[in-house]
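Thanks for coming, everyone. I have a few minutes and one model to show you.

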Amino acid sequence: MNNEKFNEVKAKHPEWSDEQVWTAISLDMQTDTVIEKKGNDVNADDPDVITEILRGARTWLQEVLPDIFAKVAKFFDTLLTTIGEWVQKGLSYVVDAIAYLLNRK
């Protein structure tokens, strides 16, 4: 795959699958989008902000990379339904969870 951002993330995490890399990219892009929309003083621990990021990343994958989305849809469903359990840990927890949850196929 010849995509600069994909190659960058894959170089940092060579053990990650394509699904993990694209999930991380979608979360990163949506985080930037939400921060741009809400301003730099956005609270990363706000459940509404995290939900918006997750839903946006999920939608982007579904629309742009449907084959990847089909493999990670359950990951997003799990995160969105259990948001109250982990939201106190912040968005970094979601990124860390990519490797764990996607490897449980």
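**The core, the rings and a helix pair**

Start with the inside. The largest nonpolar core has 24 residues, and L61 and F76 touch the most other members. Keep in mind that this is a predicted model.

Which helices build this core? At least two residues come from each of α1 (4–12), α2 (18–38), α3 (47–64) and α4 (66–81). The largest share belongs to α4, with 7 residues.

Now zoom in on F76. What does F76 touch, leaving out residues up to four places away in sequence? The list is T23, S26, L27, L54, A57, R58 and L61.

Next, the aromatic rings. A pair of rings is described by the distance of the centres and the angle of the planes. How many aromatic pairs does a search of the whole structure find? The count is 3. I will walk you through two pairs.

Take F6 and W22. Their ring centres are 5.3 Å apart. Their planes sit at 35 degrees, so this pair is tilted. The pair links distant parts of the chain. F6 is in helix α1, W22 is in helix α2, and 16 residues separate them. Are F6 and W22 buried or exposed? Both are buried.

Now W22 and W60. Here the ring centres are 6.2 Å apart. The planes are at 35 degrees, so this pair is tilted too. Again, distant parts of the chain are linked: W22 in helix α2 and W60 in helix α3, 38 residues apart.

Look at accessibility for these two tryptophans. W22 has 7% relative accessibility, so W22 counts as buried; the cut-off is under 20%. W60 has a relative accessible area of 24%, so W60 is partly exposed.

Last stop: two helices. Packed helices are described by the angle between their axes and the distance between the axes. For α3 and α4, the angle is about 160 degrees and the axes are 8 Å apart. That makes α3 roughly antiparallel to α4, because angles over 145 degrees count that way. Is the crossing of α3 and α4 left-handed or right-handed? Left-handed.

Which residues make the contact? From α3, we have T51, L54, R55, A57, R58, L61, Q62, E63 and V64. From α4, we have P66, I68, F69, V72, F76, D77, L79 and L80.

Methods:
Residues numbered from 1 in each chain as written. Predicted model: local features only at pLDDT ≥ 70, side-chain atom pairs only at ≥ 80, totals over all residues. Heavy atoms only, no water. Core = buried A, V, L, I, M, F, W, Y, C linked by side-chain atoms within 4.5 Å. Buried < 20%, exposed > 50% of the residue type's maximum accessible area, 1.4 Å probe, protein only. Helix = DSSP H or I, 4+ residues; strand = E, 2+ residues; numbered from the N terminus. Contact = heavy atoms within 4.5 Å. Phe/Tyr/Trp six-rings, centres within 6.5 Å; stacked < 30°, edge-to-face > 60°. Axes fitted to C-alpha atoms, helices over the stretch in contact; angles between N-to-C directions. Parallel < 35°, antiparallel > 145°, perpendicular 65-115°, else oblique. Left-handed = near helix turned anticlockwise from the far one by under 90°.
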